Amino acid sequence: MSARGSELAEQAVGGDRRALARLLTEIENRTPTSEQALRVLYPRAGKAHLVGVTGAPGSGKSMLVGALVRTARAAGRPVGVLAIDPSSPITGGAILGDRVRMQEHASDRDVFIRSMASRGHTGGLATSSVAAAAVLDAVGFPLVFIETVGSGQSEVEVAAIADTTVVVQAPEMGDEVQAIKAGLLEVADLVVVNKGDRPGAQRAAAQLRAMLTVGAQHDRAAGDRPRPKRPEVLLVTALTGDGVPELLAALDRRHAAESSAADGAGSPARLARARAQLSGILGDRLRERLGDGAHRAETEKVLAAIAAHELDPYSAADRLLDALGVRE
């Protein structure tokens with residue numbers, strides 16, 4: 001056990017916010033310290049409500065999360081926020097603008113906001129987001145918001161790591177059509193039409209409700225196909241706070257219903273999160289092994305063969321798995 005990892009974990013659980021910040025940095029960098037700390041913290045997690053907030057750019061996700069945090073804090077509830085920001089494909093750096101937008105909560109020790117770079121991950125989520133959410137859960141934040149990059153049609157992955165997925169739309173942006181194209185309505189537990197004071201907001205909400213109703217009717221005639229979700233559609237104006245208490249209440253109702261309907265371990269959301277975590281770790285482990293000294297030469301040789309179209313990628317993958325001894 002890494003003494004540093006264990007020490008950071010215990011300090012974070014004890015309320016040391018600097019230790020928590022350092023630990024999340026270790027997680028972003030995927031260091032051995034973070035791995036050992038997670039071994040300590042993971043058994044303490046599993047109690048928080050993880051809420052994914054996604055949607056197209058310009059829909060007001062950051063402002064909505066800020067309004068939700070403000071409403072939760074008015075009720076005395078501690079809140080954690082993971083804001084995933086787009087990062088440079090060259091340097092891996094990010095502007096981390098979401099933290100700038102939520103500066104009003106900077107002095108509140110019961111609000112912890114962490115901006116994380118997406119590191120080029122196309123699903124709108126950093127690969128370390130699941131681990132970071134587990135840490136915030138373990139150290140005692142009962143409500144954790146995970147705000148995605150907002151890169152449009154690649155936002156559905158948030159459903160794999162959240163208990164509840166909120167899809168944010170805005171009127172007069174064509175977002176209803178974009179949501180259908182992206183499959184966002186299929187992963188939504190709640191659909192929020194933000195900027196509800198704008199002309200067309202009521203119409204956008206009505207159109208979304210109609211789409212969801214038609215989709216549900218169509219699905220009933222579709223035989224054995226998986227049944228899509230039938231999300232509630234809410235109208236909110238994050239700038240003024242109108243509708244935000246109702247949204248928070250809807251989140252609480254859904255979490256309570258899910259908690260009573262399944263024993264934590266067997267809920268679909270938690271099983272999906274476990275699958276995402278395990279897949280990510282297995283992928284990291286394979287990449288590490290292929291990049292180490294013993295296998296690097298073979299990996300480079302196979303890559304060159306793919307680039308020259310002398311070997312197809314599927315045969316190349318099989319060859320490298322054979323070299324690692326992980327394929328029957």
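The structure is a predicted model.

Let's start with the rings. A pair of aromatic rings is described by how far apart the centres sit and by the angle between the planes. Here the count comes to 1 aromatic pair. The partners are F112 and F141, with 6.5 Å from centre to centre and 45° between the planes. The pair counts as tilted because an angle under 30 degrees would be stacked and one over 60 would be edge-to-face. F112 belongs to strand 3 (residues 111-117), while F141 sits in the loop between helix 6 (129-138) and strand 4 (143-147). The two are 29 residues apart, so the pair links distant parts of the chain.

Now for the backbone. Most residues other than glycine have a negative phi. R30 isn't a glycine, yet its phi is positive, at about 55°. R30 is found in the loop between helix 2 (17-28) and helix 3 (32-41). Its relative accessibility is 45%, which means that R30 counts as partly exposed.

H309 also has a positive phi, of about 60°, without being a glycine. This residue lies in a loop as well, between helix 12 (293-307) and helix 13 (313-324). Is H309 buried or exposed? With a relative accessibility of 73%, H309 counts as exposed, because the cut-off for that label is over 50%.

Methods. Residues are numbered from 1 along each chain as its sequence is written. This is a predicted model: local features need pLDDT of at least 70, side-chain atom pairs count only at pLDDT 80 or more; totals for chains, interfaces and linings use all residues. Side-chain values use heavy atoms; hydrogens and water are left out. Rings of Phe, Tyr and Trp (its six-membered ring) pair if their centres lie within 6.5 Å; planes under 30 degrees apart count as stacked, over 60 as edge-to-face and the rest as tilted. Helices (H or I, at least four residues) and strands (E, at least two) are DSSP runs, numbered from the N terminus. Buried means under 20% relative accessible area, exposed over 50%, partly exposed in between (1.4 Å probe, protein chains only).
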